[in-house]
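Lead points come first, followed by grouped details.

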Amino acid sequence: MIQAQSVGVVAPQRADFAEPLKLRSGGQLDNYHLVYETYGTLNAERNNAVLVCHALSGSHHLAGHYADDPHNVGWWDNLIGPGKPLDTRKFFVIGVNNLGGCYGSSGPNQTNPATGKLWGADFPFVTVEDWVESQARLADRLGIARFAAVVGGSLGGMQALSWSLQFPERVGHVAVIAAAPKLTAQNIAFNEVARQAILTDPEFHGGHYYEHGVVPARGLKLARMVGHITYLSDDSMAEKFGRSLRHGRNTYSYDVEFEIESYLRYQGDKFAGYFDANTYLLTTKALDYFDPAFDYGGSLPAALARASADFLVISFTTDWRFSPERSREIVYALLHNKRNVSYADIDCPAGHDSFLLDEARYHALLSAWFDRIEV
Amino acid sequence: MTAYRYDHEVIAQWIEPGEKVLDLGCGDGTLLRHLVEVRQVQGYGVENDPDKLQASVRNGINVIQMDLEKGLVGLEDGFFDHVIMSLSLQAMHNTQGILHEMLRVGREAVVSFPNFGYWRHRQSILNGRMPVSESLPHQWFNTPNVRFFTIADFDVLCEMNGIAVRERLAFDEGKLVLEEPNFLASVAVYRLGRAA
């Protein structure tokens with residue numbers, strides 16, 4: 001085992017598609033482009049490709065950094081690289097910015113070819129299934145008939161699960177991490193609060209704020225603050241912030257008093273400075289719509305009968321956004337179909353965010369799983 | 001726990017090719033891997049220890065993290081052909097609960113355990129010391145075992161719980177014992193079903 005290393009300097013690539021993409025909403029993208037990054041080398045047999053799907057605020061930038069921006073490190077850099085659990089000496093790893101995203105793929109902040117103006121709110125609704133379809137076309141473009149594995153956490157895990165249903169013959173292994181087979185009413189409720197924060201921001205302008213030279217930063221900030229609460233556990237928040245006071249005493253004002261307020265405002269402001277509000281709206285809707293069992297009378301076992309991949313399902317004990325019970329629903333549905341599946345409930349205090357950490361047992365388990373994939 | 005793998009051979013003989021098998025407390029997955037290789041079973045292990053779970057994953061078997069003390073919640077009635085618990089029953093608190101669960105989700109259960117009535121163990125107690133042997137390798141102060149029972153005790157428990165003993169093999173450190181198993185055998189392996 002070599003010392004785990006970074007993949008180093010990376011650069012995004014772009015693929016343009018002229019074949020129309022029919023969307024679940026009934027809409028269509030006549031043409032579109034995807035921005036993606038790759039790490040490692042596609043082998044001669046073309047059987048060592050691993051697709052990593054991103055979550056709500058993620059991107060195609062999984063690992064390494066940019067030559068002109070050394071501090072912009074990929075969001076899953078602790079997992080991906082030479083000697084890391086997803087070892088780029090063995091695998092050819094791909095990250096794709098999803099359609100509707102705000103990191104360069106066709107989306108609200110990109111130009112609508114039909115009008116020459118930015119899409120804004122006119123960008124069509126996209127679903128998890130649409131993303132998977134577009135990712136499959138990118139795989140075609142790269143000459144990848146079948147992925148060794150498709151993996152993802154949270155919303156990325158939903159894409160990985162959907163891959164196993166939409167293209168069962170094109171994926172050998174699937175890792176579904178900190179995900180759920182569908183959102184609960186409570187999950188949708190949190191998303192709705194986030195959306196309302198954006199939609200009611202006076203600077204939203206019906207989603208065409210670019211034309212007004214403004215961004216609905218207050219709404220996006222609030223949305224992120226609500227989201228962030230759900231990413232952390234009660235315990236981790238208590239441990240990190242407790243009731244710590246900024247000034248050591250109550251000041252009887254609406255300025256920051258408790259440290260948790262400071263933290264949420266900081267996270268909200270930071271996020272509003274780089275993320276796109278239309279993408280946030282679209283992506284939360286994609287989360288809400290995801291429900292592969294819907295077409296099977298609500299039966300997840302019936303929905304997963306099509307899957308044939310080897311599965312790894314991982315939850316985290318303190319994740320209440322997508323609780324371990326939600327992961328177990330997936331496990332039992334796969335078991336019902338006699339599919340190969342392993343399941344771990346990782347003891348980690350950090351809540352939903354745990355899936356992004358390099359918790360030792362979590363990464364050791366992923367190492368063991370990736371190691372056993374033959375390429 | 002590597003010394004007693006001869007119970008694996010017995011268990012393999014009771015499994016038909018292609019069966020659905022659940023192995024409770026599967027450890028590093030050695031038994032399941034063996035059953036996959038010699039019986040082509042569709043096998044699943046259950047393990048709650050993170051290190052063993054990881055070892056099972058590395059070993060290429062399916063393993064589900066679950067706390068057996070809470071039963072087999074979520075698993076379907078009668079789904080498995082055989083539910084196995086190899087040398088783990090004595091380390092569980094909820095003995096009756098897990099036996100009931102094994103026969104709920106499985107057509108048959110296979111259970112092996114160390115016999116505390118083995119003559120060497122009795123001799124040890126007579127000499128005033130808790131037994132330490134090949135089948136009971138731990139000292140009293142670090143043993144994972146929490147239930148101390150004999151073959152005779154287990155037979156009574158099965159009777160009490162409406163569990164049919166379909167077959168029983170007993171061993172003295174690997175050699176088959178045909179007579180006086182409760183005295184001469186260090187380990188017993190049972191094939192159990194629901195009494196009609």
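Thr279(A) lies in helix H7 of chain A; helices (H or I, at least four residues) and strands (E, at least two) are DSSP runs, numbered from the N terminus. This is a predicted model, in which local features need pLDDT of at least 70 and side-chain atom pairs count only at pLDDT 80 or more, while totals for chains, interfaces and linings use all residues. Residues are numbered from 1 along each chain as its sequence is written, chains are lettered from A and ligands numbered from 1 in the order in which they are written, and side-chain values use heavy atoms, with hydrogens and water left out.

**Thr279(A)**

- Thr279(A) counts as buried, at 2% relative accessibility; buried means under 20% relative accessible area, exposed over 50%, and partly exposed in between (1.4 Å probe, protein chains only).
- Not counting residues up to four places away in sequence, Thr279(A) touches Gly100(A), Gly101(A), Cys102(A) and Pro108(A), where contact means heavy atoms within 4.5 Å.

**Aromatic pairs and charges over rings in chain A**

- Over all chains, a search of the whole structure finds 29 aromatic pairs. Rings of Phe, Tyr and Trp (its six-membered ring) pair if their centres lie within 6.5 Å; planes under 30 degrees apart count as stacked, over 60 as edge-to-face and the rest as tilted.
- Tyr103(A) and Phe275(A) form an edge-to-face pair, at 6.1 Å centre to centre and 65 degrees between the planes.
- This pair links distant parts of the chain, 172 residues apart: Tyr103(A) is in the loop between strand E8 (92–96) and helix H1 (128–141), and Phe275(A) is in the loop between helix H6 (259–274) and helix H7 (277–289).
- Tyr103(A) is partly exposed, with a relative accessible area of 28%, whereas Phe275(A) is buried at 6%.
- Phe271(A) and Tyr274(A) also form an edge-to-face pair, with 5.5 Å centre to centre and 80 degrees between the planes.
- These two residues are separated by about one helical turn, because Phe271(A) and Tyr274(A) are three residues apart in helix H6 of chain A.
- Phe271(A) is buried at 1% relative accessible area, while Tyr274(A) is partly exposed at 41%.
- One aromatic cluster is formed by Tyr103(A), Phe271(A), Tyr274(A), Phe275(A) and Tyr280(A).
- The charged end of Arg224(A) sits over the ring of Phe271(A), 4.2 Å from its centre; the criterion is NZ of Lys or CZ of Arg within 6 Å of the ring centre and within 35 degrees of the ring normal.
- The charged end of Arg170(A) sits over the ring of Phe167(A), 5.8 Å from its centre.

**Helix H6 of chain B**

- Helix H6 (residues 151–160) of chain B has the buried residues Ile151(B), Phe154(B), Leu157(B) and Cys158(B).
- Seen down the axis of H6(B), the buried residues fall within an arc of 115 degrees, so they line one face of the helix; the arc is that of the directions from the helix axis to the C-beta atoms.
- Exposed residues Glu159(B) and Met160(B) are carried on the face of H6(B) turned away from its buried side.
- The buried residues of H6(B) pack against helix H4 (95–105), strand E5 (106–114), strand E6 (163–172), helix H7 (181–184) and strand E8 (187–194) of chain B.
- After H6(B) comes Gly162(B), with a positive phi near 65 degrees.
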